[in-house]
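Subject: Handing over the structure

Dear colleague,

I am passing on the structure to you below, together with some notes on what was found in it. Please keep the structure open beside the text while you read.

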Amino acid sequence: MSDGNTGGEMLDRVLTLEIARVTEKAAVAAARLRGRGDEKAADQAAVDAMRSELNQLAIDGVIVIGEGERDEAPMLYIGESVGTKAGPKVDIALDPLEGTTVCAKNLPNSLAVIAMAVRGSLLNAPDVYMEKIAVGPGYPDGIVNLALSPEENLTALARAKGVNITEITACILDRPRHAQLIETVRAAGAAIRLIGDGDVAGVIHTTDSEETGIDIYMGIGGAPEGVLAAAALRCTGGQMQGRLQLNTNEKRARAEKMGISDPYRIYTAEEMASGDVIFAATGVTDGNLLDGVRFYRDRVTTHTLVMRSRSRTIREMRAQHYDRAKFTA
């Protein structure tokens, strides 16, 4: 992980548009398997499509957050090189199909997601769980902190927002491990929006609480999704903290091999994704954030967000791909 001094280096602006095609191809490939109940097949289709497209980009890329470590994932594994090697050296964090279960069931908020930054800018973490907390922009620095209790964080957020805690809504993954957190949040007086999957979208939703109704994201999810969410927050504004759940000797050893010496460290969004960051997400299924892929007789349509931290630009791209056969090959 970089100490942040790569911030002066910038990515080519062309990549902010080319990166969209990477997530578009992955989303279309996965969307062809929506609702078919086969999570592995949908994920593999997205992986194949994303890898093929990445290898056409003029970058010298290394996967730092991917499908898993090399012995667990044959493609897009942590440490894999991608791109033509003719362009800038970049770190890549990706999730070709965020929400494999929701895609298999054709439920909302499945995405194809990628983040790219100058080499050394993205947290290189093992595929473990991460405790996360995130809020949108406009609040004082340090308004939420994983070192505080859920009640303290909710109270501080409500005070900063100028509302009663009963007007705060927290987004939490619907998992048995969150039973105590859910009970605590409700006892404090806040409402909860439970989601079945897709915590990258859950974190991004905090950046526009008036539109989404979500003020804060809390709970434990995947570390890869944590780094991707941090990259998105760097582009849109907001605050986030993450703490890896290295609760076994095996996990701590894996993390140490990746340069993580403090298993209890709390990372900010800037520490997880520093420097110039580009982020893209394409909808696979319809959701609060993006519409899903549509298939027509003569075309395919996609809905993508492309963001960049340096310019704080968010581009919403609705594309119609008329060479349907070529695009879905």
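A residue is called buried here when its relative accessible area is under 20%, exposed when that value is over 50%, and partly exposed in between. Please bear in mind from the start that this is a predicted model.

I begin with two annotated residues. According to UniProt, in an unreviewed entry, the feature "binding site" is placed at Asp43 and Glu67. Although these positions are spread over 25 residues of sequence, they cluster in space, with a largest C-alpha distance of 9.7 Å. Both Asp43 and Glu67 also belong to the lining of the largest pocket.

Is Asp43 buried or exposed? Its relative accessibility is 18%, and because this value is under the limit of 20%, Asp43 counts as buried. Asp43 is part of helix α2, which covers residues 39-54, and, if neighbours within four places in sequence are left aside, Asp43 is in contact with Glu67, Leu97 and Thr100.

Glu67 sits in the loop between β1 (60-65) and β2 (81-82). With a relative accessibility of 23%, Glu67 falls between the two limits and therefore counts as partly exposed.

Next come the domains. The protein is divided into domain 1, made up of 13-122 + 277-327, and domain 2, made up of 129-272. Their C-alpha centres lie 23 Å apart, and 27 residues of domain 1 are in contact with 20 residues of domain 2. The size of an interface is often given as the accessible area lost when the parts come together. Between domain 1 and domain 2 the buried area is about 2,000 Å², and carbon and sulfur atoms give 70% of it. Which three residues supply more than any other three of the area that domain 1 buries against domain 2? They are Ile65, Glu98 and Phe279, which supply 23% of that area. The count of salt bridges between domain 1 and domain 2 is zero.

The structure as a whole, however, holds 16 salt bridges. One of them joins the side chains of Lys89 and Asp60, at 3.1 Å from N to O. This pair links distant parts of the chain, since Lys89 is in strand β3 (residues 89-98) and Asp60 is in strand β1, 29 residues apart. Asp60 has a relative accessible area of 15%, which means that this residue is buried. Asp60 and Lys89 are also linked with Asp91 and Arg119 in a network of salt bridges.

A further salt bridge is formed by Asp215 and Lys161, whose closest N and O atoms are 2.3 Å apart. Asp215 lies in the loop between α7 (209-212) and β8 (216-222), while Lys161 lies in helix α4 (residues 150-161), so this pair ties together parts that are 54 residues apart in sequence. Asp215 is buried, with a relative accessible area of 4%, whereas Lys161, with 33%, is partly exposed. Asp298 and Arg299 form a salt bridge too, with their closest N and O atoms 3.1 Å apart, and Asp298 is partly exposed, with a relative accessible area of 31%.

Ser81 is found in strand β2 and counts as partly exposed because its relative accessibility is 40%. The C-alpha atoms of Ser81 and Asp91 are separated by 9.7 Å, and these residues are 10 residues apart along the chain. Apart from neighbours within four places in sequence, Ser81 is in contact with Asn55, Gly61 and Val62.

Thr236 is found in helix α8, residues 223-236. Its relative accessibility of 17% is under the 20% limit, and therefore Thr236 counts as buried. Not counting residues up to four places away in sequence, Thr236 touches Pro137, Thr207, Met307, Arg312 and Ile314.

With best wishes,
A colleague

Methods
Residues are numbered from 1 along each chain as its sequence is written. This is a predicted model: local features need pLDDT of at least 70, side-chain atom pairs count only at pLDDT 80 or more; totals for chains, interfaces and linings use all residues. Side-chain values use heavy atoms; hydrogens and water are left out. UniProt positions are given in the numbering used here, feature names are shortened, and annotations may be inferred rather than shown by experiment. On a 1 Å grid over the protein atoms alone, a cavity is a set of points where a 1.4 Å probe fits but cannot get out, and a pocket is an open set with protein on both sides within 12 Å along at least five of seven lines; lining residues have an atom within 4 Å of a point. Helices (H or I, at least four residues) and strands (E, at least two) are DSSP runs, numbered from the N terminus. Buried means under 20% relative accessible area, exposed over 50%, partly exposed in between (1.4 Å probe, protein chains only). Contact means heavy atoms within 4.5 Å. Domain bounds come from an automatic or database domain assignment. Buried area is the accessible area (1.4 Å probe) that two parts lose on being put together, summed over both. A salt bridge is a side-chain nitrogen of Lys or Arg within 4 Å of a carboxyl oxygen of Asp or Glu.
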